[in-house]
Amino acid sequence: MTKKICINGNNISDKKSLYQEINRVFMANEDWKIGESLDALNDLFYGGFGLISGNEPIELTWKNFDYNKELFGYDFTMEFYQEKLKQPKVFSTKIIQQNISALENGTGLTYFEMILEIIAEHKNITLITE
């Protein structure tokens, strides 16, 4: 049986609230929460903790999708990369600069597109946008 899950994009206004909504939906019955990280989001979709127990079929509805897509678009992504550049001991400035260049010339992914790419990697998850 397909598990139906809904992300309410109306609850999302920035990166912090994005992960609050993810934790509200997926981690409600856990005594810990995932961090504000694309890697953590990817791990969540693999299952084994939170609402997804494994590789079961998931129908993920994302409400207010277009607004969230715009919110986490080009400008947000540039700010995201600029913040990473301030931490050269943690993040590879060479890779971040490459990502910025790709974004500037139209070949790079926005933060939201990275989220969509992560979801698409999990073949058990069907994304429905509203």
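Reader: Is Asn64 buried, partly exposed or exposed, and why does it count as such?

Author: The model is a predicted one, and the answer is computed from it. A residue is called buried under 20% relative accessible area and exposed over 50%, with partly exposed in between. Asn64 has 27% relative accessibility, so it counts as partly exposed. Asn64 lies in the loop between E2 and H3. Its backbone deserves a remark too: although Asn64 is not a glycine, it has a positive phi of about 60 degrees.

Reader: Which strands pair with E2, and in which sense?

Author: A general idea comes before the case. In a regular strand the side chains alternate between the two faces of the sheet. Here, strand E1 (residues 3-8) and strand E2 (residues 58-63) run parallel and are joined by six bridges. Strand E3 (residues 125-129) also pairs with E2 in the parallel sense, over five bridges.

Reader: Which residue of E2 is the bridge partner of Asn8, and which residue in E3 stands opposite Leu60?

Author: Asn8 has Lys63 as its bridge partner in E2. Leu60 stands opposite Leu127 in E3.

Reader: What does Lys3 touch, leaving aside residues up to four places away in sequence?

Author: A contact list of this kind shows which parts of the chain meet. Lys3 belongs to strand E1, and its contacts are Leu51, Ser53, Glu56, Pro57, Ile58 and Glu59. Two of these partners can also be judged by C-alpha separation. Pro57 is 54 residues from Lys3 in sequence, yet their C-alpha atoms are 6.3 Å apart in space. For Glu56, 53 residues from Lys3 along the chain, the C-alpha separation is 7.5 Å. Lys3 itself has a relative accessible area of 26% and is therefore partly exposed.

Reader: Where is Glu56 placed, and is Glu56 buried or exposed?

Author: Glu56 sits in the loop between H2 and E2. With a relative accessible area of 16%, Glu56 is buried. Its contacts beyond four places in sequence are Lys3, Leu51 and Asn124.

Reader: Why is the pair of Phe72 and Tyr111 called tilted?

Author: Planes under 30 degrees apart count as stacked and those over 60 as edge-to-face, with the rest tilted. The planes of Phe72 and Tyr111 stand at 40 degrees, with the ring centres 6.1 Å apart, so this pair is tilted. The pair links distant parts of the chain, as Phe72 is in the loop between helix H3 (65-71) and H4 while Tyr111 is in helix H6, 39 residues apart. Phe72 and Tyr111 are both buried. Ring pairs also gather Phe72, Phe76, Phe80, Tyr81 and Tyr111 into a cluster.

Reader: What is the volume of the largest pocket, and which residues are the closest to its centre?

Author: The volume of the largest pocket is about 490 Å³. It is lined by 23 residues, of which Leu38, Asp39, Phe80, Lys84 and Met114 are the closest to the centre. Helix H2 (38-46), helix H4 (74-85), helix H5 (93-104) and helix H6 (111-121) are the elements that give two or more residues to this lining. By class, the lining has 11 nonpolar, six polar and six charged residues.

Reader: Finally, is Asn68 buried or exposed, and how far is Ile95 from Trp62?

Author: Asn68, in helix H3, is buried, with a relative accessible area of 0%. Beyond four places in sequence, Asn68 touches Gly9, Ile12, Trp62, Lys63 and Phe112. Ile95, in helix H5, is partly exposed at a relative accessible area of 46%. Ile95 and Trp62 are 33 residues apart along the chain, and their C-alpha atoms are separated by 30 Å.

Terms used
Residues are numbered from 1 along each chain as its sequence is written. This is a predicted model: local features need pLDDT of at least 70, side-chain atom pairs count only at pLDDT 80 or more; totals for chains, interfaces and linings use all residues. Side-chain values use heavy atoms; hydrogens and water are left out. On a 1 Å grid over the protein atoms alone, a cavity is a set of points where a 1.4 Å probe fits but cannot get out, and a pocket is an open set with protein on both sides within 12 Å along at least five of seven lines; lining residues have an atom within 4 Å of a point. Grid points are joined across faces, edges and corners, and a volume is the space filled by probe spheres set on the points. Helices (H or I, at least four residues) and strands (E, at least two) are DSSP runs, numbered from the N terminus. Ala, Val, Leu, Ile, Met, Phe, Trp, Tyr, Cys and Pro count as nonpolar, Asp, Glu, Lys and Arg as charged, and the others, Gly among them, as polar. Two strands pair if DSSP finds at least two bridges between them. Rings of Phe, Tyr and Trp (its six-membered ring) pair if their centres lie within 6.5 Å; planes under 30 degrees apart count as stacked, over 60 as edge-to-face and the rest as tilted. Buried means under 20% relative accessible area, exposed over 50%, partly exposed in between (1.4 Å probe, protein chains only). Contact means heavy atoms within 4.5 Å.
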